[in-house]
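Please work through the exercises below with the sequence and the structure in view. Try each task before reading its solution.

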Amino acid sequence: MEALGIISTIVALIQKYGVPAALQIINDWQVDNPTIEDFEALRDRVKDPETYFEDKP
Amino acid sequence: MERIAEEVRKHLVGVTVVLLMLVMGLAACAGFSKDSYRTLSVSAETYNAAMSSLGDLYKQGKISEADKAKAVELGGYFKAAYNTAIDANQAYLVVKTDQNRDKVTAALIEYSKVLGKVLEYINEVIAKAKGR
């Protein structure tokens, strides 16, 4: 039953965020003792807001 | 992407509430940095999904320049609050004092408020773009 719960959580994450982001979240949740470097890596996750709107046809 | 936008919109309130609960619960948690790290990780992906959806609608010509400019402005506030929360967490990992812990909590509370504002605005713009 626990495996079913995990699978349904993973499916929900993929539906909500897409595969790459869901995998990233799953990886992050496996970090038990985050280091300064782990937090530093989070910094690159958020792009400059302008970049989301680039390449308008 | 439209489906993700719809999901983001539908779960907007839930995401914000969960984040606030996580922030408020942090002080009582044994794994303070772990929970803080997870909070930032999940919320960053939420923000990315929401902004990407907005960006896609903009590229389809469904969002005005004014709405885009406002989203970029709010995104700038979000990024600043996000980086402040990361800085506070890193400082706490270097020196684990109650004061630094309080700074992390304060930074995360501020961060969750900014995230709430950004997501609320994105929700409004997406609804407007879809004629709702």
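This is a predicted model: local features need pLDDT of at least 70, side-chain atom pairs count only at pLDDT 80 or more; totals for chains, interfaces and linings use all residues.

Residues are numbered from 1 along each chain as its sequence is written, and chains are lettered from A and ligands numbered from 1 in the order in which they are written.

**Exercise 1.** Describe the secondary structure and the burial of each chain.

*Solution.* Begin with the helices and strands, which are DSSP runs numbered from the N terminus (helices are H or I with at least four residues, strands are E with at least two). Chain A has three helices and zero strands, while chain B has five helices and zero strands. Next comes burial: a residue is buried if 20 or more other C-beta atoms, placed from the backbone, lie within 10 Å of its own, exposed if 12 or fewer do, and partly exposed in between. By this rule 21% of the 57 residues of chain A count as buried, and for the 132 residues of chain B the share is 42%.

**Exercise 2.** Describe the side of chain A that touches chain B.

*Solution.* Two residues are in contact if their C-beta atoms, placed from the backbone, lie within 7 Å. By that rule, 28 residues of chain A are in contact with 33 residues of chain B. On the side of chain A, the elements that give two or more residues are helix 1 (2-17), helix 2 (19-29) and helix 3. Sorted by class, this side has 14 nonpolar, five polar and nine charged residues, where Ala, Val, Leu, Ile, Met, Phe, Trp, Tyr, Cys and Pro count as nonpolar, Asp, Glu, Lys and Arg as charged, and the others, Gly among them, as polar.

**Exercise 3.** How do helix 2 and helix 3 of chain A each run against helix 3 of chain B?

*Solution.* Axes are lines fitted to C-alpha atoms, for helices over the stretch in contact, and angles run from 0 to 180 degrees between N-to-C directions. Angles under 35 degrees count as roughly parallel, over 145 as roughly antiparallel, 65 to 115 as roughly perpendicular and the rest as oblique.

Take helix 2 of chain A, which packs against helix 3 of chain B at about 175 degrees with the axes 9 Å apart; these two helices are therefore roughly antiparallel. Their contact has six nonpolar, three polar and three charged residues.

Then take helix 3 of chain A (residues 36-43), whose axis comes within 10 Å of that of helix 3 of chain B (residues 32-59) and crosses it at roughly 15 degrees, which means that this pair is roughly parallel. Here Asp38(A), Phe39(A) and Leu42(A) meet Tyr37(B), Leu40(B), Ser41(B) and Ala44(B).

**Exercise 4.** Which residues of the largest nonpolar core touch the most other members?

*Solution.* A nonpolar core is a set of buried Ala, Val, Leu, Ile, Met, Phe, Trp, Tyr and Cys residues joined through C-beta atoms within 7 Å. Of the 39 residues in the largest one, Leu54(B), Tyr82(B) and Ala85(B) touch the most other members. Leaving aside neighbours within four places in sequence, Ala85(B) is in contact with Leu40(B), Ala107(B), Leu108(B) and Tyr111(B).

**Exercise 5.** Where does Tyr121(B) lie, and which residues is Tyr121(B) in contact with, leaving aside its neighbours within four places in sequence?

*Solution.* Tyr121(B) lies in helix 5 of chain B, and, because it has 18 C-beta neighbours inside 10 Å, Tyr121(B) counts as partly exposed. Beyond those sequence neighbours, Tyr121(B) is in contact with Lys70(B), Ala71(B) and Leu74(B).
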